[in-house]
Each structure stands twice: as structure tokens, then as C-alpha cells.
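Me: I have a model open and would like to go through it with you. Ready when you are.

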Protein chains: 2
Amino acid sequence: MNDTAIKVIGLVAGMFTSCAVLPQVITTYKKKKASEVSVFMFIVLLTGNLLWIYYGILKQELPIILTNLLTVILNIIMLVLKIKYKGNK
Amino acid sequence: MNDTAIKVIGLVAGMFTSCAVLPQVITTYKKKKASEVSVFMFIVLLTGNLLWIYYGILKQELPIILTNLLTVILNIIMLVLKIKYKGNK
């Protein structure tokens, strides 16, 4: 397989893993509750994504920076929703 | 910063993003319900991780293969729990 095809697979893989939090954000926004959703999952994910951004800056790899920045934003939205609906069971 | 330090940051980042699903698996196992957890999040994540493994095989990058394999296993456990506790509200 040529290099371009491999790059495309990497980009598609990155898009999937970056956007994975989006369905959870939508579900939580609709249900207005998230007591069964682990807050630690998003804290661990957020920490990992921030480290990836730092790694991307050090390696000057824009795709790593951008895809992880997207996940950071989605994670922050999810954490805000989690706090907002804290009382709802 | 030297190359080894950058590699360590990348490895730690990878460990965080790979293990992020683990707290959700524990929460779901304890609560015995997951109706508020989006099944699509784990399907999208699983698809992304499988594509990353394929990418890792093509690029012969063992760290990419191993970290994503760990997430695949955690994702499958989470999906099994989600199906198992489907009726629990």
C-alpha cells in the first residue's frame, strides 16, 4: 500500500477516535442526566488529550494538535453537562 | 527537549487515552446499568481503534498496535456490559 493510502487510513482513524465523545454529548444533552456516565473517563481522556497536544507541539505535528484539540473541546462540553445535570437522577 | 523526553510524553499520553474507558467499565459494572451511556460512543471509538491498529500494522508501529488493542478490549467489555444491563433503568 502506498504512503498516501496509509495516511488516509490514519486520518480516518483519527477522525473516529476524536469524534467518539460527540454521541455521548448528544445523549447527555437529550436525557438531561449523566449519573451513570463516569466523570473519571472524561478527566483521564482530557489529561491524555492535553498531553497529546503538548507532544504534537513538540513534534510540530499539526494533525495531532488539531484532532486532540477537537476532543478537548468535546470533553470540556461533556464535563460541563455532567456538572450541570449533577442533581438529575 | 530531547527525543527521549518527547517519546515519554507520547507514551504517557497514549496510556491516558487508552485507559480512559476503564473508569466507565468500573462505573457500569458497579451500577449494573448504563442507559445514559451512549452506545454509539463506544462503536465509533471501536471503529477508530480498529482503524488505528490497521494503520499500526501497515506502518509497523508496535506502540500504536498495542495501545489501541488495549482500548479495543476495554471497548468490547463496555459494549458487553451495556447489552447485559440493557433492561436496567
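Me: Which residues of α3(A) are buried?
Reply: This is a predicted model, where local features need pLDDT of at least 70, side-chain atom pairs count only at pLDDT 80 or more, and totals for chains, interfaces and linings use all residues. Residues are numbered from 1 along each chain as its sequence is written, chains are lettered from A and ligands numbered from 1 in the order in which they are written, and side-chain values use heavy atoms, leaving out hydrogens and water. Buried means under 20% relative accessible area (1.4 Å probe, protein chains only). In α3(A) these are A:Met41, A:Phe42, A:Leu45, A:Leu46, A:Gly48, A:Asn49, A:Ile53, A:Tyr55 and A:Gly56.

Me: And what do they pack against?
Reply: α2 and α4 of chain A, together with α1 (3–19), α2 and α3 of chain B. Helices are DSSP runs (H or I, at least four residues), numbered from the N terminus.

Me: What does A:Phe42 touch?
Reply: A:Val21, A:Gln24, A:Val37, A:Asn75, A:Met78, A:Leu79 and B:Met41, leaving aside residues up to four places away in sequence. Contact here is heavy atoms within 4.5 Å.

Me: Switching to the ends of α3(A). What sits at its start?
Reply: A side-chain oxygen of A:Ser38 comes within 3.3 Å of the backbone nitrogen of A:Phe40.

Me: What about just after α3(A)?
Reply: A:Gln60 has a positive phi of about 50°.

Me: Last topic: what rotation superposes chain A on chain B?
Reply: One of 180°, with 0.0 Å of shift along its axis and an RMSD of 0.0 Å. The two copies are therefore related as by a two-fold rotation axis.

Terms used: Least-squares fit on C-alpha atoms with pLDDT ≥ 70 in both. Buried < 20%, exposed > 50% of the residue type's maximum accessible area, 1.4 Å probe, protein only. Helix = DSSP H or I, 4+ residues; strand = E, 2+ residues; numbered from the N terminus. Polar contact = N/O pair within 3.5 Å; in protein donor to acceptor, adjacent residues only side chain to side chain.
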